[in-house]
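Here's a quick tour of some helix packing and a look at the aromatic side of things. Have the model open while you read.

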Amino acid sequence: FGSLDILEVLARVTNEMTIGEMRQLLAHDPLSFTEDQYDLLIRAKTASLLSGACEVGGLNAPAPQRAALARFGERLGMAFQIVDDLLDYTALSEDTGKPSGLDLREHKVTLPLIHALPRMSAGERKLVSDLMADPEPDDASIAAVVAATARHGGLDYARERAHQLIAEADDELQALPQSPAREGLRASLGYIVERRR
C-alpha cells in the first residue's frame with residue numbers, strides 16, 4: 001500500500017464527516033428527527049472516523065480483510081456514539097466529566113428520545129417540546145424528560161441497539177486471522193459496552 005491508499009481513506013472520512021456536520025446543522029425540527037436520520041448522522045461522523053482508522057490499519061491485508069476491518073470500525077463507532085448518548089441520560093457528571101443531560105440542554109435529540117417520543121403521552125411530548133423551545137432549560141425540565149424517556153423504553157432500546165452493533169462488529173472479526181491484534185480489537189468491544197465516560 002502507499003500514501004495514495006491512505007489519502008483515499010482520509011478523503012472519504014473527511015467527506016463523510018463534513019456531510020454529517022451539515023446534516024446536524026440543517027436539522028430544523030428536532031422532534032421530527034427519525035432513527036434513520038440519527039443512524040445516517042452517527043454513521044457519517046463517529047462511525048466513519050473509526051471505520052477509516054480500522055481500514056488504514058489493515059491496508060496491507062487482503063481486500064476482504066480490509067473491508068471487514070472497515071465494517072468493524074463502522075459498527076464500533078456507531079455503538080460508541082449510542083453508548084455516549086445513553087450516558088448523557090444515565091451517568092453522573094462526576095463519572096463523565098460533563099454535565100448530565102448536556103445533549104438535552106443543547107437541544108440534541110438522540111436515540112433514547114427518538115425511540116421514546118412516539119410512545120409518550122401528549123403531556124409528556126409537551127414537556128419535551130417546551131424543553132426544546134427553552135434556550136436554557138433547567139435541571140427539573142431535563143430530569144422530567146429523562147424520566148419520561150426511561151419510562152417509555154428509550155434507554156433500554158438504546159442499550160439493545162448498542163449490543164446488537166457490538167455483536168455485528170465481533171462477527172466482522174471472524175474474517176481476520178487469529179492474532180494479538182484481532183484480540184485487541186475484540187477487547188475494545190468490551191470497553192464500549194462497559195464504559196462510564
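Helix α7 goes past α8 with a left-handed crossing. Keep in mind that this is a predicted model. The axes of α7 (residues 122–133) and α8 (residues 139–151) come within 10 Å and cross at roughly 140 degrees. That angle makes α7 oblique to α8. On the α7 side, the contact uses E124, L127, V128 and L131, and they meet S141, I142, A144, V145, A148 and R151 of α8.

Now for α3 and α9. Their axes cross at roughly 160 degrees and come within 8 Å, so α3 is roughly antiparallel to α9. This crossing is left-handed too. From α3, the contact residues include F72, L76, I82 and L86, and from α9 they include L155, L165, I166 and E172.

| Helix pair | Axes come within | Crossing angle |
|---|---|---|
| α3 (residues 63–90) and α9 (residues 154–172) | 8 Å | roughly 160 degrees |
| α7 (residues 122–133) and α8 (residues 139–151) | 10 Å | roughly 140 degrees |

What about rings? How many aromatic pairs does a search of the whole structure find? The search turns up 0 of them. There is a charge over a ring, though: R195 lies over the face of F80, 3.9 Å from the ring centre.

Note on methods. Residues numbered from 1 in each chain as written. Predicted model: local features only at pLDDT ≥ 70, side-chain atom pairs only at ≥ 80, totals over all residues. Heavy atoms only, no water. Axes fitted to C-alpha atoms, helices over the stretch in contact; angles between N-to-C directions. Helix = DSSP H or I, 4+ residues; strand = E, 2+ residues; numbered from the N terminus. Parallel < 35°, antiparallel > 145°, perpendicular 65-115°, else oblique. Left-handed = near helix turned anticlockwise from the far one by under 90°. Contact = heavy atoms within 4.5 Å. Phe/Tyr/Trp six-rings, centres within 6.5 Å; stacked < 30°, edge-to-face > 60°. Lys NZ or Arg CZ within 6 Å of the ring centre and 35° of its normal.
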